[in-house]
Amino acid sequence: MTASAVFSRARSAAWLLLPAIVLAGCSPKPVAEEPVRAVKFVTVGTSDFDAQPEFSAEVRARVESRLGFRVAGKITRRQAELGQRVQAGQVLAQLDPQDYKLAADAARAQQAAALTNRDLAAADLKRYAELRQQNFISGAELERRETTWKAAQAQLEQAQAQLASQGNQANYTTLVADVAGVITAIEAEPGQVVQAGTPVVRIAQDGARDVVFAVPEDRATLIKTGSPVAVRGWSGGSELQGQVREVAASADAVTRTYSVKVAIDAATSPPLGATVYARPQALAHASTAVMKLPTSALRQEGKGSAVWVLDKASMTVRSQPVQVATADGNEAVIASGIAPGMMVVAAGVHVLSPGQKVTIYQSKEAAAAAANAAAVAGAKESAQPVSAVAATQKEIAPAAAGASK
């Protein structure tokens with residue numbers, strides 16, 4: 001056989017093997033079996049639920065005023081500091097008074113001019129009255145002099161009022177506290193030009209204290225003025241008792257909630273601005289038995305909530321829709337969807353799929369204890385009593401001797 005024939009036959013064999021190689025490369029890879037996951041479960045049961053809502057609240061002064069200058073100007077000094085306690089009459093801030101002092105000086109000069117004109121008119125009236133008594137002038141001329149004197153008197157009174165007003169304007173450049181209290185906010189700084197009435201400092205007056213919190217619209221109608229409210233501090237402490245003093249007539253424009261103010265004793269009140277808990281007695285209900293699950297057991301499925309429930313027979317999980325009624329701390333109160341005795345996945349719900357096989361998770365300590373218990377039980381079952389073994393050997397020995405004979 002020639003070399004060319006051998007090469008042709010080898011090439012034909014290679015082309016015949018190529019489809020097999022291609023098909024072998026395109027064949028699907030074997031799918032790896034999904035591992036059996038160890039999952040934490042909780043057994044559904046019932047527990048008491050005290051349906052008394054608790055709201056986060058803040059301690060505020062009964063009267064809190066925003067103080068500002070009664071005139072416009074540039075702030076030159078601010079003596080008040082945040083958290084400072086002030087007394088009535090204490091200076092809080094000052095404006096540049098130069099322009100107002102000049103206006104007061106001008107009003108003082110106008111008063112002096114008006115006083116001079118009034119005195120001159122009074123002197124003329126006196127002279128013309130004497131001439132009238134001697135019939136040297138007519139009665140009409142005397143009346144004109146009286147009118148001139150009255151106009152000068154009115155101008156003098158106007159100048160005096162203008163001087164008093166300008167004097168007050170100059171005094172208004174100093175902002176003083178009208179009551180004793182605590183500075184709770186600073187809203188303007190030195191160098192800032194403010195208009196009349198612009199808040200500069202906020203002062204919480206000494207005296208009565210309120211606890212303020214917000215409630216949704218569906219509960220605002222249940223809280224009445226005068227109803228009791230229990231108040232406790234954020235960090236613990238004794239519980240205080242208060243009464244609802246005011247319920248807002250309209251909802252807040254942003255939060256759409258209603259503000260509730262509770263009057264408490266100022267002597268035992270927490271510090272201003274402290275965060276407290278408020279529990280209105282009007283919203284309290286009797287304790288009822290409910291089913292609770294940790295919030296970590298819930299997951300979103302479509303537009304609702306669902307949990308993974310264990311099928312003990314096949315050791316697989318299935319999705320179970322549930323309806324959440326409310327929350328109680330870190331637990332969710334379930335209204336429907338589960339029953340007592342069910343085993344629900346408590347953690348790792350995002351890594352499971354329907355029908356997936358699982359095992360019940362055990363901690364290392366619990367697994368070691370279970371292994372030890374199983375080993376001890378197995379050792380007891382395999383071991384035989386020493387007396388029983390000896391008896392068996394004695395029975396076998398005579399039988400063996402007889403067989404040898």
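S336 is partly exposed, with a relative accessible area of 33%. This value comes from a predicted model, as do the others discussed below. The residue belongs to strand β22, which covers residues 331-336. Beyond its neighbours within four places in sequence, S336 is in contact with V322 and Q323.

The protein chain contains six helices and 24 strands. Of its 405 residues, 27% are buried. The accessible surface amounts to about 25400 Å², and carbon and sulfur atoms account for 55% of that surface. Contacts may also be sorted by separation in sequence: among those between residues at least 6 apart, 74% join residues at least 24 apart.

The strands deserve attention next. Strands of a sheet pair through backbone hydrogen bonds, in either a parallel or an antiparallel arrangement. In this model, six strands form a closed barrel in the order β4-β13-β16-β15-β14-β17, and their pairing is antiparallel. From one strand to the next, the twist averages 45°.

Four bridges connect β14 with β15 in the antiparallel sense. Here P228 stands opposite Q243 in β15, and V229 stands opposite G242 in β15. The hairpin of β14 and β15 has six residues between the strands, and within the hairpin G236 takes a positive phi near 100°. Strand β14 also pairs with β17, again in the antiparallel sense, over five bridges. In that pairing, V229 stands opposite P280 in β17.

The aromatic side chains provide another view of the fold. How many aromatic pairs are found? The count comes to two. In one of them, the ring centres of F55 and F213 are 5.5 Å apart and the planes meet at 20°; the pair is stacked because planes under 30 degrees apart count as such. F55 lies in strand β4 (residues 55-61) and F213 in strand β13 (residues 209-215), so that the pair links distant parts of the chain, 158 residues apart. F55 is buried, with a relative accessible area of 11%. F213 also counts as buried, at 3% relative accessibility.

The rings of W234 and Y277 likewise form a stacked pair, since their centres are 5.2 Å apart and their planes lie at 15°. W234 is placed in the loop between β14 (228-233) and β15 (240-247), whereas Y277 is in strand β17 (residues 275-280); the pair therefore ties together parts that are 43 residues apart in sequence. Are these two residues buried or exposed? W234 is exposed, with a relative accessible area of 52%, whereas Y277 counts as buried at 19%. The value for Y277 falls under the 20% limit, which means that the residue is classed as buried.

One further arrangement involves a charge and a ring. The charged end of R299 sits over the ring of W308, at 4.0 Å from the ring centre.

Terms used. Residues are numbered from 1 along each chain as its sequence is written. This is a predicted model: local features need pLDDT of at least 70, side-chain atom pairs count only at pLDDT 80 or more; totals for chains, interfaces and linings use all residues. Side-chain values use heavy atoms; hydrogens and water are left out. Rings of Phe, Tyr and Trp (its six-membered ring) pair if their centres lie within 6.5 Å; planes under 30 degrees apart count as stacked, over 60 as edge-to-face and the rest as tilted. Helices (H or I, at least four residues) and strands (E, at least two) are DSSP runs, numbered from the N terminus. Buried means under 20% relative accessible area, exposed over 50%, partly exposed in between (1.4 Å probe, protein chains only). A charge sits over a ring if NZ of Lys or CZ of Arg is within 6 Å of the ring centre and within 35 degrees of the ring normal. Contact means heavy atoms within 4.5 Å. Accessible areas come from the Shrake-Rupley method with a 1.4 Å probe; for residues, only the protein chains shown count as cover. Two strands pair if DSSP finds at least two bridges between them. Axes are lines fitted to C-alpha atoms, for helices over the stretch in contact, and angles run from 0 to 180 degrees between N-to-C directions.
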